[in-house]
Amino acid sequence: MTKITSIADVRRHFRNNKEPVYFISATNFNLLGIGDWVGGFRHINYIDCFEGKQRNVFVPKEKFPRDFESIEDINNYLLEHKEVIDFIQSRAAGDNAGVAAFLMFDEHTERVCEQLGLRIAFPPAELRQRMDNKIETVRIGNKAGVPSVPNVLAKVGSYQELSEVSQELGSDLVVQTAFGDSGHTTFFIANEEDYYKHAEEIEAEPEVKIMKRINCRGSAIEACATRCGTVVGPLMTELVGFKTLTPYKGGWCGNEMFAGAFSQEVRDLAREYTFKFGEALREEGYRGYFELDFLIDMDTNDVYLGELNPRVTGASSLTNVAAFAHSDIPLFLFHLLEFSDVDFDLDIDDINERWSHPESVDSWSQLVIKHTDESVDLLTQAPSTGLWRMNDNGELAYDHYSYHPHAAENEHEAFFLRISGPGDFRYEGADLGILITRGRLMDDDFQLTERAKAWIDGIRKQYTGQALQDPVVEEVAVSHAIGGGNFKIL
(Lines give C-alpha, C1' and ligand atoms only; values in the text may rest on other atoms or scores of the structure.)
Protein backbone atom coordinates (compact mmCIF):
# COMPACT_ATOMS: atom_id res chain seq x y z
CA MET A 1 0.00 0.00 0.00
CA THR A 2 1.29 3.47 -0.93
CA LYS A 3 2.50 5.61 1.99
CA ILE A 4 0.06 8.37 3.01
CA THR A 5 1.78 11.76 2.86
CA SER A 6 -1.07 14.30 2.52
CA ILE A 7 -4.51 15.14 3.87
CA ALA A 8 -5.95 14.23 0.45
CA ASP A 9 -4.42 10.75 0.85
CA VAL A 10 -6.06 10.39 4.27
CA ARG A 11 -9.46 11.45 2.92
CA ARG A 12 -9.23 8.97 0.04
CA HIS A 13 -8.03 6.15 2.29
CA PHE A 14 -10.98 6.43 4.67
CA ARG A 15 -13.54 7.10 1.95
CA ASN A 16 -12.51 3.82 0.30
CA ASN A 17 -12.28 1.90 3.58
CA LYS A 18 -13.94 -1.52 3.51
CA GLU A 19 -12.97 -2.79 6.97
CA PRO A 20 -15.80 -2.48 9.55
CA VAL A 21 -15.16 0.31 12.06
CA TYR A 22 -17.35 0.60 15.18
CA PHE A 23 -17.89 3.18 17.90
CA ILE A 24 -19.44 1.27 20.80
CA SER A 25 -20.97 3.36 23.59
CA ALA A 26 -24.21 4.27 25.34
CA THR A 27 -24.98 6.80 22.57
CA ASN A 28 -23.29 8.02 19.37
CA PHE A 29 -23.06 11.61 20.68
CA ASN A 30 -19.27 11.81 20.95
CA LEU A 31 -18.62 10.95 17.29
CA LEU A 32 -21.59 12.53 15.53
CA GLY A 33 -21.05 12.61 11.76
CA ILE A 34 -17.83 10.54 11.60
CA GLY A 35 -19.65 8.02 9.42
CA ASP A 36 -19.71 10.67 6.66
CA TRP A 37 -15.92 10.36 6.44
CA VAL A 38 -15.23 6.66 7.00
CA GLY A 39 -16.53 3.87 4.81
CA GLY A 40 -17.85 0.91 6.80
CA PHE A 41 -18.35 2.98 9.97
CA ARG A 42 -21.18 1.98 12.34
CA HIS A 43 -22.29 2.98 15.82
CA ILE A 44 -23.36 0.27 18.27
CA ASN A 45 -25.35 1.88 21.08
CA TYR A 46 -27.53 1.06 24.07
CA ILE A 47 -29.76 4.11 23.67
CA ASP A 48 -31.52 4.79 20.37
CA CYS A 49 -31.44 8.57 20.06
CA PHE A 50 -32.98 8.41 16.57
CA GLU A 51 -36.13 6.28 16.99
CA GLY A 52 -34.78 3.78 14.45
CA LYS A 53 -34.29 6.39 11.69
CA GLN A 54 -30.49 6.35 11.49
CA ARG A 55 -29.10 3.55 9.33
CA ASN A 56 -25.52 3.51 10.60
CA VAL A 57 -26.63 3.16 14.24
CA PHE A 58 -27.29 -0.36 15.55
CA VAL A 59 -29.22 -0.74 18.80
CA PRO A 60 -30.26 -4.22 20.00
CA LYS A 61 -34.03 -4.56 20.11
CA GLU A 62 -34.18 -6.82 23.14
CA LYS A 63 -32.98 -5.27 26.41
CA PHE A 64 -32.25 -7.35 29.47
CA PRO A 65 -32.54 -5.74 32.93
CA ARG A 66 -29.10 -4.79 34.25
CA ASP A 67 -27.79 -2.48 36.95
CA PHE A 68 -24.99 -0.64 35.18
CA GLU A 69 -22.32 0.96 37.35
CA SER A 70 -20.13 2.39 34.59
CA ILE A 71 -19.83 3.05 30.85
CA GLU A 72 -17.57 -0.02 30.73
CA ASP A 73 -20.48 -2.11 32.02
CA ILE A 74 -22.70 -0.82 29.22
CA ASN A 75 -20.12 -1.58 26.54
CA ASN A 76 -19.41 -5.08 27.88
CA TYR A 77 -23.15 -5.77 27.96
CA LEU A 78 -23.42 -4.71 24.31
CA LEU A 79 -20.46 -6.82 23.20
CA GLU A 80 -21.92 -9.91 24.87
CA HIS A 81 -25.42 -9.34 23.48
CA LYS A 82 -26.43 -11.95 20.88
CA GLU A 83 -27.92 -9.36 18.52
CA VAL A 84 -24.71 -7.33 18.59
CA ILE A 85 -22.52 -10.41 18.12
CA ASP A 86 -24.64 -11.51 15.13
CA PHE A 87 -24.42 -8.00 13.65
CA ILE A 88 -20.63 -7.87 13.99
CA GLN A 89 -20.18 -11.37 12.58
CA SER A 90 -22.43 -10.58 9.61
CA ARG A 91 -20.00 -7.85 8.54
CA ALA A 92 -16.74 -9.68 9.36
CA ALA A 93 -14.22 -10.85 6.79
CA GLY A 94 -13.21 -14.24 8.14
CA ASP A 95 -11.47 -13.86 11.49
CA ASN A 96 -11.21 -10.07 11.07
CA ALA A 97 -14.33 -8.53 12.59
CA GLY A 98 -12.98 -4.99 12.22
CA VAL A 99 -11.92 -2.16 14.49
CA ALA A 100 -13.65 -0.97 17.67
CA ALA A 101 -13.39 2.39 19.43
CA PHE A 102 -14.94 3.20 22.79
CA LEU A 103 -15.55 6.10 25.12
CA MET A 104 -14.49 3.80 27.97
CA PHE A 105 -13.40 0.15 28.18
CA ASP A 106 -11.61 -2.20 30.57
CA GLU A 107 -9.67 -5.48 30.55
CA HIS A 108 -12.89 -7.48 30.23
CA THR A 109 -13.75 -5.49 27.10
CA GLU A 110 -10.33 -6.38 25.69
CA ARG A 111 -10.90 -10.10 26.26
CA VAL A 112 -14.34 -10.06 24.64
CA CYS A 113 -13.07 -8.11 21.63
CA GLU A 114 -10.27 -10.62 21.16
CA GLN A 115 -12.84 -13.44 21.15
CA LEU A 116 -14.93 -11.56 18.57
CA GLY A 117 -11.95 -10.77 16.34
CA LEU A 118 -12.19 -7.01 16.96
CA ARG A 119 -9.06 -4.84 17.21
CA ILE A 120 -9.35 -2.02 19.74
CA ALA A 121 -8.22 1.34 18.35
CA PHE A 122 -6.81 2.59 21.63
CA PRO A 123 -3.83 1.84 23.87
CA PRO A 124 -4.34 -0.95 26.44
CA ALA A 125 -6.92 -0.35 29.16
CA GLU A 126 -4.25 -0.66 31.87
CA LEU A 127 -2.24 2.19 30.35
CA ARG A 128 -5.33 4.33 29.81
CA GLN A 129 -6.33 3.79 33.43
CA ARG A 130 -2.92 5.00 34.60
CA MET A 131 -3.07 8.06 32.34
CA ASP A 132 -6.60 8.83 33.59
CA ASN A 133 -5.34 9.24 37.15
CA LYS A 134 -5.50 12.97 38.04
CA ILE A 135 -2.48 12.55 40.32
CA GLU A 136 -0.47 11.01 37.48
CA THR A 137 -1.55 13.86 35.20
CA VAL A 138 0.11 16.39 37.51
CA ARG A 139 3.35 14.40 37.46
CA ILE A 140 3.38 14.04 33.67
CA GLY A 141 2.62 17.74 33.31
CA ASN A 142 5.44 18.72 35.66
CA LYS A 143 7.85 16.54 33.70
CA ALA A 144 6.72 18.08 30.38
CA GLY A 145 6.85 21.67 31.62
CA VAL A 146 3.06 22.06 31.74
CA PRO A 147 2.20 23.66 35.12
CA SER A 148 -0.77 22.83 37.32
CA VAL A 149 -2.51 25.18 39.76
CA PRO A 150 -0.29 25.43 42.89
CA ASN A 151 -0.96 22.14 44.67
CA VAL A 152 0.22 19.38 46.93
CA LEU A 153 -0.38 15.64 46.56
CA ALA A 154 -1.01 13.92 49.88
CA LYS A 155 -2.89 11.31 51.87
CA VAL A 156 -5.47 13.09 54.06
CA GLY A 157 -7.01 11.59 57.20
CA SER A 158 -8.55 14.64 58.85
CA TYR A 159 -9.23 18.35 58.42
CA GLN A 160 -6.20 19.08 60.57
CA GLU A 161 -3.99 17.04 58.24
CA LEU A 162 -5.47 18.81 55.21
CA SER A 163 -4.71 22.19 56.78
CA GLU A 164 -1.16 21.20 57.65
CA VAL A 165 -0.12 19.82 54.24
CA SER A 166 -1.76 22.74 52.37
CA GLN A 167 -0.56 25.56 54.63
CA GLU A 168 1.25 27.34 51.79
CA LEU A 169 -1.89 27.25 49.58
CA GLY A 170 -4.14 29.22 51.93
CA SER A 171 -7.46 28.20 53.46
CA ASP A 172 -9.66 28.27 50.34
CA LEU A 173 -8.97 24.92 48.71
CA VAL A 174 -10.10 22.58 45.95
CA VAL A 175 -9.61 18.85 46.54
CA GLN A 176 -9.78 16.25 43.77
CA THR A 177 -9.68 12.47 43.95
CA ALA A 178 -7.64 10.49 41.41
CA PHE A 179 -10.54 9.22 39.33
CA GLY A 180 -14.09 10.19 38.47
CA ASP A 181 -16.22 12.86 36.87
CA SER A 182 -15.24 16.29 38.18
CA GLY A 183 -18.88 17.08 38.99
CA HIS A 184 -18.81 14.32 41.59
CA THR A 185 -15.18 14.17 42.71
CA THR A 186 -14.09 17.81 43.02
CA PHE A 187 -14.66 19.31 46.47
CA PHE A 188 -14.51 23.01 47.39
CA ILE A 189 -13.32 23.40 50.96
CA ALA A 190 -12.98 26.72 52.76
CA ASN A 191 -13.59 25.54 56.33
CA GLU A 192 -14.04 22.50 58.54
CA GLU A 193 -17.77 22.31 57.83
CA ASP A 194 -17.08 22.02 54.09
CA TYR A 195 -14.54 19.29 54.78
CA TYR A 196 -16.92 17.08 56.75
CA LYS A 197 -19.42 17.08 53.89
CA HIS A 198 -16.86 15.15 51.83
CA ALA A 199 -14.60 13.64 54.50
CA GLU A 200 -15.56 10.04 53.72
CA GLU A 201 -14.64 10.32 50.01
CA ILE A 202 -11.42 12.23 50.70
CA GLU A 203 -10.14 9.99 53.49
CA ALA A 204 -10.84 6.83 51.46
CA GLU A 205 -8.24 7.89 48.87
CA PRO A 206 -4.56 6.85 49.09
CA GLU A 207 -3.66 10.30 47.73
CA VAL A 208 -5.59 13.40 46.70
CA LYS A 209 -4.75 16.55 44.76
CA ILE A 210 -5.09 19.67 46.94
CA MET A 211 -5.13 22.93 45.01
CA LYS A 212 -5.20 26.60 45.81
CA ARG A 213 -8.60 27.95 44.74
CA ILE A 214 -8.23 30.52 41.96
CA ASN A 215 -10.60 32.76 40.02
CA CYS A 216 -10.62 30.71 36.85
CA ARG A 217 -12.53 29.75 33.73
CA GLY A 218 -12.60 26.20 32.51
CA SER A 219 -11.48 25.35 29.01
CA ALA A 220 -10.92 22.24 26.95
CA ILE A 221 -8.65 21.33 24.06
CA GLU A 222 -8.52 18.05 22.16
CA ALA A 223 -5.51 16.55 20.44
CA CYS A 224 -4.14 13.34 18.97
CA ALA A 225 -0.69 11.90 19.64
CA THR A 226 0.53 10.23 16.41
CA ARG A 227 3.83 8.71 15.30
CA CYS A 228 4.51 11.98 13.40
CA GLY A 229 3.77 14.24 16.36
CA THR A 230 0.78 15.66 18.24
CA VAL A 231 -2.08 17.26 16.29
CA VAL A 232 -3.76 20.01 18.38
CA GLY A 233 -7.31 21.33 18.05
CA PRO A 234 -8.67 24.72 19.18
CA LEU A 235 -9.18 25.89 22.76
CA MET A 236 -12.84 25.76 23.79
CA THR A 237 -14.61 27.25 26.77
CA GLU A 238 -16.45 24.91 29.12
CA LEU A 239 -19.86 25.39 30.65
CA VAL A 240 -19.59 24.26 34.26
CA GLY A 241 -22.10 24.01 37.10
CA PHE A 242 -24.99 26.03 35.63
CA LYS A 243 -28.02 25.18 37.79
CA THR A 244 -30.36 25.35 34.81
CA LEU A 245 -28.38 22.51 33.16
CA THR A 246 -26.92 20.29 35.89
CA PRO A 247 -27.54 19.60 39.59
CA TYR A 248 -23.82 19.03 40.16
CA LYS A 249 -21.64 21.88 41.38
CA GLY A 250 -18.56 21.86 39.19
CA GLY A 251 -20.25 19.50 36.73
CA TRP A 252 -19.51 19.83 33.00
CA CYS A 253 -22.61 20.84 31.04
CA GLY A 254 -21.41 22.00 27.61
CA ASN A 255 -18.82 23.78 25.51
CA GLU A 256 -18.36 26.79 23.26
CA MET A 257 -16.01 26.98 20.31
CA PHE A 258 -15.17 30.44 18.97
CA ALA A 259 -11.90 32.09 18.02
CA GLY A 260 -12.09 34.90 20.59
CA ALA A 261 -12.79 32.75 23.63
CA PHE A 262 -9.54 33.89 25.20
CA SER A 263 -6.68 36.20 24.22
CA GLN A 264 -4.33 35.08 21.46
CA GLU A 265 -1.59 34.76 24.08
CA VAL A 266 -3.68 32.38 26.17
CA ARG A 267 -4.75 30.34 23.13
CA ASP A 268 -1.18 30.02 21.88
CA LEU A 269 0.07 28.98 25.32
CA ALA A 270 -2.67 26.36 25.72
CA ARG A 271 -1.80 24.92 22.30
CA GLU A 272 1.92 24.89 23.17
CA TYR A 273 1.20 23.11 26.48
CA THR A 274 -1.06 20.59 24.74
CA PHE A 275 1.63 19.76 22.19
CA LYS A 276 4.20 19.31 24.96
CA PHE A 277 1.83 17.10 26.93
CA GLY A 278 1.05 15.01 23.84
CA GLU A 279 4.76 14.44 23.26
CA ALA A 280 5.11 13.43 26.93
CA LEU A 281 2.23 10.97 26.50
CA ARG A 282 4.03 9.42 23.54
CA GLU A 283 7.06 8.88 25.78
CA GLU A 284 4.76 7.17 28.30
CA GLY A 285 3.60 4.81 25.55
CA TYR A 286 0.19 6.43 25.07
CA ARG A 287 -0.93 7.36 21.55
CA GLY A 288 -4.15 8.51 19.99
CA TYR A 289 -6.96 10.87 20.96
CA PHE A 290 -6.90 12.80 24.22
CA GLU A 291 -8.35 15.95 25.80
CA LEU A 292 -6.87 18.37 28.33
CA ASP A 293 -8.82 20.66 30.62
CA PHE A 294 -7.06 23.95 31.29
CA LEU A 295 -7.88 26.44 34.02
CA ILE A 296 -7.38 30.05 32.92
CA ASP A 297 -6.66 32.35 35.86
CA MET A 298 -8.83 35.40 35.11
CA ASP A 299 -6.75 37.62 37.43
CA THR A 300 -3.33 36.80 35.96
CA ASN A 301 -4.05 35.11 32.58
CA ASP A 302 -1.91 32.16 33.72
CA VAL A 303 -2.79 28.88 32.03
CA TYR A 304 -2.86 25.82 34.30
CA LEU A 305 -3.32 22.14 33.52
CA GLY A 306 -6.58 20.84 34.95
CA GLU A 307 -6.94 17.19 34.00
CA LEU A 308 -6.37 14.68 31.22
CA ASN A 309 -9.04 12.58 29.52
CA PRO A 310 -7.25 9.87 27.49
CA ARG A 311 -10.13 9.26 25.07
CA VAL A 312 -12.76 10.98 23.00
CA THR A 313 -14.94 13.19 25.20
CA GLY A 314 -18.08 15.28 25.31
CA ALA A 315 -16.19 18.06 23.53
CA SER A 316 -15.41 15.77 20.57
CA SER A 317 -18.81 16.46 19.05
CA LEU A 318 -17.71 20.08 18.45
CA THR A 319 -14.06 19.41 17.60
CA ASN A 320 -15.00 17.12 14.73
CA VAL A 321 -17.64 19.34 13.09
CA ALA A 322 -15.82 22.70 13.06
CA ALA A 323 -14.49 24.48 9.95
CA PHE A 324 -10.88 23.34 10.39
CA ALA A 325 -12.04 19.71 10.58
CA HIS A 326 -14.01 19.99 7.36
CA SER A 327 -11.33 21.90 5.47
CA ASP A 328 -8.84 19.11 6.35
CA ILE A 329 -10.13 16.06 8.24
CA PRO A 330 -11.76 15.55 11.65
CA LEU A 331 -9.28 15.04 14.48
CA PHE A 332 -10.66 11.54 15.07
CA LEU A 333 -9.41 10.41 11.66
CA PHE A 334 -5.84 11.01 12.82
CA HIS A 335 -6.66 8.64 15.67
CA LEU A 336 -8.00 5.94 13.34
CA LEU A 337 -4.99 6.40 11.09
CA GLU A 338 -2.60 5.95 14.03
CA PHE A 339 -4.22 2.59 14.84
CA SER A 340 -4.36 1.39 11.24
CA ASP A 341 -1.79 -0.74 9.45
CA VAL A 342 -1.17 2.08 6.98
CA ASP A 343 2.25 3.71 6.68
CA PHE A 344 1.96 7.50 6.87
CA ASP A 345 4.19 10.53 7.17
CA LEU A 346 2.30 13.80 7.61
CA ASP A 347 3.58 17.31 8.23
CA ILE A 348 2.07 17.83 11.69
CA ASP A 349 3.67 21.27 12.12
CA ASP A 350 1.94 22.47 8.95
CA ILE A 351 -1.42 21.12 10.12
CA ASN A 352 -1.04 22.70 13.57
CA GLU A 353 -0.09 26.03 12.03
CA ARG A 354 -3.17 25.97 9.81
CA TRP A 355 -5.50 24.94 12.65
CA SER A 356 -4.19 27.71 14.90
CA HIS A 357 -5.54 30.50 12.67
CA PRO A 358 -8.72 32.18 13.99
CA GLU A 359 -10.36 31.90 10.54
CA SER A 360 -10.14 28.11 10.82
CA VAL A 361 -12.47 28.15 13.82
CA ASP A 362 -16.16 28.80 13.24
CA SER A 363 -18.45 29.35 16.21
CA TRP A 364 -20.42 26.47 17.79
CA SER A 365 -21.94 25.82 21.21
CA GLN A 366 -23.50 22.84 22.91
CA LEU A 367 -25.63 22.41 26.02
CA VAL A 368 -25.88 19.13 27.92
CA ILE A 369 -29.32 19.32 29.51
CA LYS A 370 -29.91 17.22 32.63
CA HIS A 371 -32.95 16.89 34.87
CA THR A 372 -32.13 19.19 37.77
CA ASP A 373 -35.13 18.62 40.08
CA GLU A 374 -35.10 16.06 42.87
CA SER A 375 -38.32 14.56 41.50
CA VAL A 376 -38.62 11.16 39.81
CA ASP A 377 -41.21 10.39 37.13
CA LEU A 378 -41.81 8.31 34.00
CA LEU A 379 -41.50 10.22 30.73
CA THR A 380 -44.59 10.11 28.54
CA GLN A 381 -43.44 12.64 25.94
CA ALA A 382 -40.03 13.85 24.75
CA PRO A 383 -38.66 15.99 21.90
CA SER A 384 -37.41 14.15 18.81
CA THR A 385 -33.85 14.23 17.56
CA GLY A 386 -33.41 16.63 14.67
CA LEU A 387 -33.53 20.28 13.73
CA TRP A 388 -35.47 22.69 15.94
CA ARG A 389 -36.24 26.34 15.26
CA MET A 390 -36.81 29.21 17.66
CA ASN A 391 -39.12 32.09 16.72
CA ASP A 392 -38.81 35.73 17.82
CA ASN A 393 -40.88 34.98 20.94
CA GLY A 394 -38.48 32.28 22.09
CA GLU A 395 -40.89 29.45 21.22
CA LEU A 396 -39.53 26.21 19.78
CA ALA A 397 -40.87 24.09 16.94
CA TYR A 398 -39.60 20.85 15.44
CA ASP A 399 -38.60 21.30 11.80
CA HIS A 400 -37.27 18.00 10.47
CA TYR A 401 -35.26 14.89 11.28
CA SER A 402 -31.49 15.12 11.00
CA TYR A 403 -28.51 13.23 12.39
CA HIS A 404 -25.92 16.00 12.09
CA PRO A 405 -25.28 19.36 13.84
CA HIS A 406 -24.62 20.99 10.44
CA ALA A 407 -28.38 20.90 9.90
CA ALA A 408 -28.41 24.09 12.02
CA GLU A 409 -27.56 26.89 9.59
CA ASN A 410 -27.97 29.90 11.90
CA GLU A 411 -28.44 30.90 15.54
CA HIS A 412 -32.24 30.51 15.33
CA GLU A 413 -31.80 26.82 14.60
CA ALA A 414 -30.33 24.01 16.70
CA PHE A 415 -29.65 20.32 16.38
CA PHE A 416 -31.08 18.39 19.33
CA LEU A 417 -29.96 14.86 20.18
CA ARG A 418 -32.46 13.17 22.47
CA ILE A 419 -31.06 10.93 25.20
CA SER A 420 -34.10 10.28 27.44
CA GLY A 421 -37.33 9.34 25.69
CA PRO A 422 -40.85 8.08 26.46
CA GLY A 423 -40.73 5.14 28.85
CA ASP A 424 -37.50 6.29 30.50
CA PHE A 425 -37.34 7.40 34.11
CA ARG A 426 -36.54 11.07 34.70
CA TYR A 427 -34.54 11.56 37.89
CA GLU A 428 -32.10 14.11 39.28
CA GLY A 429 -29.00 14.07 37.08
CA ALA A 430 -30.59 12.14 34.21
CA ASP A 431 -29.36 13.24 30.76
CA LEU A 432 -32.32 14.58 28.81
CA GLY A 433 -30.45 15.56 25.65
CA ILE A 434 -27.79 17.66 23.96
CA LEU A 435 -28.46 20.84 22.00
CA ILE A 436 -25.88 22.05 19.45
CA THR A 437 -26.18 25.38 17.69
CA ARG A 438 -24.08 27.96 15.89
CA GLY A 439 -22.78 31.00 17.75
CA ARG A 440 -22.16 31.64 21.42
CA LEU A 441 -24.37 30.71 24.35
CA MET A 442 -22.34 32.54 27.01
CA ASP A 443 -21.54 36.25 27.24
CA ASP A 444 -18.15 37.85 27.89
CA ASP A 445 -18.64 37.31 31.63
CA PHE A 446 -19.15 33.57 31.00
CA GLN A 447 -22.82 33.68 31.95
CA LEU A 448 -25.61 32.07 29.92
CA THR A 449 -27.13 34.39 27.33
CA GLU A 450 -30.87 34.97 27.03
CA ARG A 451 -30.79 32.88 23.86
CA ALA A 452 -29.25 29.99 25.78
CA LYS A 453 -31.90 30.25 28.50
CA ALA A 454 -34.65 30.28 25.87
CA TRP A 455 -33.28 27.10 24.26
CA ILE A 456 -33.04 25.37 27.65
CA ASP A 457 -36.55 26.38 28.70
CA GLY A 458 -37.94 25.51 25.28
CA ILE A 459 -36.47 22.01 25.26
CA ARG A 460 -37.56 21.30 28.84
CA LYS A 461 -41.15 22.21 27.92
CA GLN A 462 -41.14 19.42 25.34
CA TYR A 463 -40.83 16.82 28.11
CA THR A 464 -43.80 15.58 30.13
CA GLY A 465 -43.85 12.85 32.73
CA GLN A 466 -46.13 10.78 34.91
CA ALA A 467 -45.49 10.95 38.64
CA LEU A 468 -44.55 7.79 40.55
CA GLN A 469 -46.64 7.57 43.69
CA ASP A 470 -44.67 4.93 45.58
CA PRO A 471 -41.30 6.07 47.08
CA VAL A 472 -40.02 2.48 46.86
CA VAL A 473 -40.80 2.41 43.13
CA GLU A 474 -38.93 5.71 42.75
CA GLU A 475 -35.85 4.27 44.46
CA VAL A 476 -35.91 1.14 42.29
CA ALA A 477 -36.46 3.27 39.17
CA VAL A 478 -33.36 5.36 39.79
CA SER A 479 -31.19 2.37 40.70
CA HIS A 480 -32.16 0.63 37.43
CA ALA A 481 -31.94 3.73 35.23
CA ILE A 482 -28.88 3.96 33.01
CA GLY A 483 -26.33 6.01 34.88
CA GLY A 484 -28.53 6.20 37.94
CA GLY A 485 -27.10 9.66 38.51
CA ASN A 486 -23.81 8.05 39.57
CA PHE A 487 -21.76 8.16 36.38
CA LYS A 488 -21.62 10.23 33.24
CA ILE A 489 -22.60 8.34 30.07
CA LEU A 490 -21.49 11.03 27.61
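Good morning, colleagues. The structure is a predicted model, in which local features need pLDDT of at least 70 and side-chain atom pairs count only at pLDDT 80 or more, while totals for chains, interfaces and linings use all residues. Residues are numbered from 1 along each chain as its sequence is written, and side-chain values use heavy atoms, with hydrogens and water left out.

I begin with the domains. The chain is divided into domain 1 (7-121), domain 2 (150-212), domain 3 (215-360) and domain 4 (364-482); these bounds come from an automatic or database domain assignment.

Let us turn to domain 1 and domain 3. Their C-alpha centres lie 24 Å apart. In contact terms (heavy atoms within 4.5 Å), 21 residues of domain 1 meet 26 residues of domain 3. The size of an interface is often given as the accessible area lost when the parts come together. Here, the area buried between domain 1 and domain 3 is about 2,000 Å², with carbon and sulfur atoms giving 76% of it; buried area is the accessible area (1.4 Å probe) that two parts lose on being put together, summed over both. On the domain 1 side, I7, W37 and A121 lose the most area to domain 3, together 29% of what that side buries.

Next, a single residue. T313 is placed in the loop between strand 14 (303-309) and helix 11 (316-319); helices (H or I, at least four residues) and strands (E, at least two) are DSSP runs, numbered from the N terminus. T313 counts as buried because its relative accessibility is 9%, where buried means under 20% relative accessible area, exposed over 50%, and partly exposed in between (1.4 Å probe, protein chains only). The side chain of T313 makes a polar contact with that of E222, at 2.7 Å. Leaving aside neighbours within four places in sequence, T313 is in contact with N30, L103, E222, E291 and L490.

I close with the salt bridges, for which the count comes to 25. One of them joins the side chains of R213 and D172 (3.9 Å, N to O). R213 is partly exposed at a relative accessible area of 36%, and D172 is partly exposed at 33%.

A further salt bridge is formed by E256 and R440, with closest N and O atoms 3.9 Å apart. E256 lies in strand 12 (residues 252-257) and R440 in the loop between strand 21 (431-438) and helix 15 (450-460), so the pair ties together parts 184 residues apart in sequence. E256 is buried, with a relative accessible area of 0%, whereas R440 is partly exposed at 23% relative accessibility.

Finally, E338 forms a salt bridge with R287, the closest N and O atoms being 3.4 Å apart. E338 counts as buried at 5% relative accessibility, while R287 is partly exposed at 33%.

Conventions:
A polar contact is a pair of N or O atoms within 3.5 Å; within protein, one must be able to donate a hydrogen and the other to accept it, and residues adjacent in sequence count only if both atoms are side-chain atoms. A salt bridge is a side-chain nitrogen of Lys or Arg within 4 Å of a carboxyl oxygen of Asp or Glu.
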